[in-house]
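Please look through the model below with a reader who is new to it. The questions that follow take up its sheets, its chains and the confidence of the prediction.

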Amino acid sequence: MELEPTIGLEVHCQLATRSKLFCRCPADFGGLPNSRTCPVCTAQPGTLPVLNQRALELALAAGHALRCTIRETIKFDRKNYFYPDLPKGYQISQFDQPLCEWGELEFEAEKGRSKVAKIRRIHLEEDAGKALHPDGLACSLVDLNRAGVPLIEIVGMPDLASPSEASAYLQALRRTLRFAGVSECDMEKGSLRCDANVSVRPKGQPELGTKVEVKNINSFRNVERALMFEIARQSEVVARGEKVVQETRSFRDSEGTTVSMRRKEDAHDYRYFPDPDLPLFDVGRARIDAARAALPEGFAARRRRYQGDWGLSEYDARVLTEEPAIAGFFDATVAAGLAPKAAANWIQGEVLAFLGETRGEFEQLRIAPAALHALVRMEEQGELSHQAAKKVLRRMLETGDSAAAAAQALDLVQIRDSGALAGTIDAVLAAEAKIVGDYKGGKETALNALLGRAMKATKGKGDPNLIKQLLLEKLGKPGG
Amino acid sequence: MDVREAEKIAGLARLSLDAAERSRFAGQLTAILGYFEKLREVPTEGVAPASHPADMRSPLRADDPAPFATPLELVARSHRPEGELYRVPRVLE
Amino acid sequence: MLPADLTRSATALAAAVRARRVTARTAADHYLGRIAAHDDAVRAFLHVDPAVVRAQADALDARIARGDTAGALLGVPVAIKDNLCTTGQPTTCASKILADYRPPYDAHVVERIRAEGGVILGKTNLDEFAMGASTENSGVAASRNPHDLKRVPGGSSGGSAAAVAAGLAPLALGSDTGGSVRQPAALCGIVGHRPTYGALSRHGLIAFASSLDQVGPMALNLEDCTLLMAVIAGHDSRDSTSRPGGFDAAAARRDDALSGLRIGVPAEYHSDALDPEVRAAVRQLEDLAVGAGARLVPLSMPLTPYAIPTYYLVVTSEASSNLARFDGIRYGPRDEQQELAASYATTRRRFGDEVKRRIMLGTYALSAGYYDAYYKKALQVRARIGEEFARAFARCDVLLGPTTPTPAFPLGEKSDDPVQMYLCDVFTAPAPLAGLPALSMPCGKSKAGLPIGAQLQGPTGADARLFAVARALERRLALDLSPLEAPRGA
């Protein structure tokens, strides 16, 4: 009997706000333990939640980017359970009436085949803190810096048919949310977390098999590893004639396996009820529409535009839409007047190469889009050779200098003044009598040698075309 | 509510009751729940549940961070903190 | 010691301090002296730190000496129920689970009192976590009714009510969830107001039932209650349930509130269970009102008896969640334990029986399989109770009735039967479910000398009107509203 897997991903993503969801603590990553806490997020008695407007706006942006239906009035519910990283003994979340429902994400399931996966719901909730269990210590330790950080939970339908499809879905989801400005989606920093629901069923059977939840998948690489292991494990269980147990399992990175997380059966009665500290919120048609209008262009739409309007290749379009910062820089450079193809070449070739070498981030680029345009204009106007332009750009990226300043500093501005060059050419002709003789004797290629000498004499700054022209004027035709 | 249910509810609420308390509470709670049955007399089909007065709406707050001046003082209030971290008995994972 | 005219009126006391007839220190010492003399008998207070009180008073006197006499409560000591956060003093909710807890911030209403020159006198006793109607559920000790020390002062703000009635504090803050300001006010013979939900900020009020809790001012008379209410009312952006718009103190002081007033009298408020002396006192008040130009409107509010089971399902559900944070991990006492489950268990053993009972009830009502039958049903009946009030207020301006079915009962009489205790709330539970304002005022005494209170209820936002109506009735009743010289019935 052939089995096929079905996978649905539940993704938690930290919203790019400055403060936490229900209090004014900074929401930044890192910081000394418990330095970003206050009476509200440490659940001191008598404290109350007040909702962060930007968190709501970013959640709306996510809903629009994923084409969801959005609720005009929302409530928050309490999810009640005890754990040391949950200060109030409940998490403020949304239970049965999430902010967004029934959206979709189009992604490239494999090369050349696109697929649309359904999004069941997106809701707002606060993050818990962190409980640490250091080896050798008889106690556990709690850091509440993350307690109260704003999250959205994005629940996908079990539409994914393989581990590689799941990975592709997650990549597309990450890119969509980054382009929408919703979240950094960085798994290393914990601003993107992924749990998977996995089941197997006989091929062709419409009903889904028993679902197992897999948690603790903490990198993109581990998404496929965890899913491959779990699918194989479930398949083996079924092949032995046994039933897959519905449970929650944790992925063990070092072994590449999933292990059962022991839970008491009543631990799942969260006793959800509407949070009495938070009456209903009027999201409102106006705010929903404003969020849609403000949504930045998605990566798929940009790719289509770059190829369609500007004739870039599919490859170019992909590279330029890898990250929103690159696409934004590209768009701005074109807006400053640079031709799309030239901009694409320079960004892909020199700028990204530089970032790769220096392990830099695009967001920290020291040049403005207009500066790149200015550099290319200098080359087009003959002030810089192509090689010189590359060197100048490098300096601009290192120091933030303008094109003109960098070219001056490197002394690479081409000499294009015939008068200025005349002296140099005369000197070269005088010094290289043999090559002059070769040329006059009919060897055309001797001209290049003279050109080379003249370029060297000008320290590479001479305009090669002009020098060639002046040499020809002085020497006449070869053999003449 | 029987004693077994009382034990289950107490567990959910992290209340530990001894045997005497379990049976005493089970009895009292049964009486109170019996009194609550009175609500069945009130017809409520189609009535939307009210958590608050009908016209109440929550405000939104600007995303403007304001760090609490003395966050580590909050840790100092706890039982035997470990430096800047709250100490709790070992969580069995 | 302060003269009598200054101990029966906080308003007069503030004016005297402002006019420099009396120092803030004198006022503070007077009340500290009263506490020292009588609180062993009354047990109104849980914490009084004389050094802290005197320091506040001295600081006020220093600025008064510099010519700065700003502050509506200048030099007036205020007793604060011990479920309101105060810096510099413990806040324990009368519970062993919060023994020695010192909050890192002041409640909004406490900030307001300090800003207006009030002196925080001390923290008063309550039923543990405000759960009760007699203050017998306090995890420390029971308070006593100053009018008869063998009887309860009511609850849960019993300490605050007893303090004011016994002249141990001129003003007090309590909190009201199902009657916890009004019922002790009635049993102790003072004024207590439950504001429209959202009129006062809950920031710093340790939560019992979030959708019903409100801080309430308590005082000897309407003018003093108006003074305190005006100071503490108002919007607070730290509380999402806080309403904009303030308290109209000028409207609260209007003189002609009774003329043309339509006073609703629900039939259900005069059941056979009502003590005949209570019935008679309230009837007398109705007659006074009619004599002053008001009109009685008989009506029926058949959902009245369903308010109590509704109330208890809602509050226990919310409380079961609100009290989950008391796990000993971030604050409060904790026994050393090897393992987390044991730590939760030993910490939460510190709750008293009534608290445990209510947590269990609430956990049950919210649990899978029971949610629709209990919690959701209660919220639906709550919605209908709100509609019933709205229909009543289409036909009248205020409702008038008794605050409690009987005067103060003896200590220990009801403490073994939870349901009996719950029935004390029959008249006070409905208004909080609808978020409506309600005020209790003294309207007489029983033959045994026990105070009787009458309750006025109004539509949303009608706080000032309730004050004005009560004020007009108070004037006509002409009762002696002085605090007791000494507690009685020792």
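Q: In what order do the 3 strands of the open sheet in chain A lie?
A: This is a predicted model, in which local features need pLDDT of at least 70 and side-chain atom pairs count only at pLDDT 80 or more, while totals for chains, interfaces and linings use all residues. Residues are numbered from 1 along each chain as its sequence is written, chains are lettered from A and ligands numbered from 1 in the order in which they are written, and side-chain values use heavy atoms, with hydrogens and water left out. Strands (E, at least two residues) and helices (H or I, at least four) are DSSP runs numbered from the N terminus, and two strands pair if DSSP finds at least two bridges between them. The pairing in this open sheet of chain A is antiparallel, and the order of its strands is 6-5-16.

Q: Which strands are the edge strands of that sheet in chain A?
A: An edge strand here pairs on one side only. In chain A the two that do so are strand 6 (90-93) and strand 16 (273-274).

Q: Which residue stands opposite A:Asp77 in strand 16 of chain A?
A: Strand 5 (residues 77-80) of chain A pairs with strand 16 of chain A in the antiparallel sense, over 2 bridges. Across from A:Asp77, the residue in strand 16 of chain A is A:Pro274.

Q: Which helix of chain C packs on this sheet of chain A?
A: The helix touches strand 5, strand 6 and strand 16 of chain A, where contact means heavy atoms within 4.5 Å. Its direction makes about 60° with that of strand 5 of chain A, the axes being lines fitted to C-alpha atoms, for helices over the stretch in contact, with angles from 0 to 180 degrees between N-to-C directions. The helix is helix 11 (residues 307-322) of chain C.

Q: What is the radius of gyration of chain A?
A: Chain A holds 15 helices and 17 strands. For its 480 residues the globule rule gives 23 Å, and the chain is well over that, so it is more spread out than a compact globule; the radius is taken over C-alpha atoms, and the rule is 2.2 Å times the number of residues to the power 0.38. The C-alpha atoms fill a box of roughly 100 × 60 × 55 Å along the principal axes. The radius of gyration of chain A is 31 Å.

Q: Which residue is the bridge partner of A:Glu101 in strand 8 of chain A?
A: Strand 7 (residues 100-110) and strand 8 (residues 113-126) of chain A pair in the antiparallel sense over 9 bridges. Their hairpin has 2 residues between the strands, and A:Gly112 takes a positive phi near 80° there. The partner of A:Glu101 is A:Arg121.

Q: How does the order of the 11 strands in the open sheet of chain C run, and what is its pairing?
A: The edge strands of this sheet are strand 1 (45-47) and strand 8 (295-299) of chain C, and the twist averages 35° from one strand to the next. The order is 1-3-2-4-6-5-10-11-9-7-8, and the pairing is mixed.

Q: What is the mean pLDDT of chain C?
A: The pLDDT is the predictor's confidence in each residue, from 0 to 100. In chain B its mean is 92, while in chain C 100% of the residues reach 70 or more. The mean pLDDT of chain C is 96.
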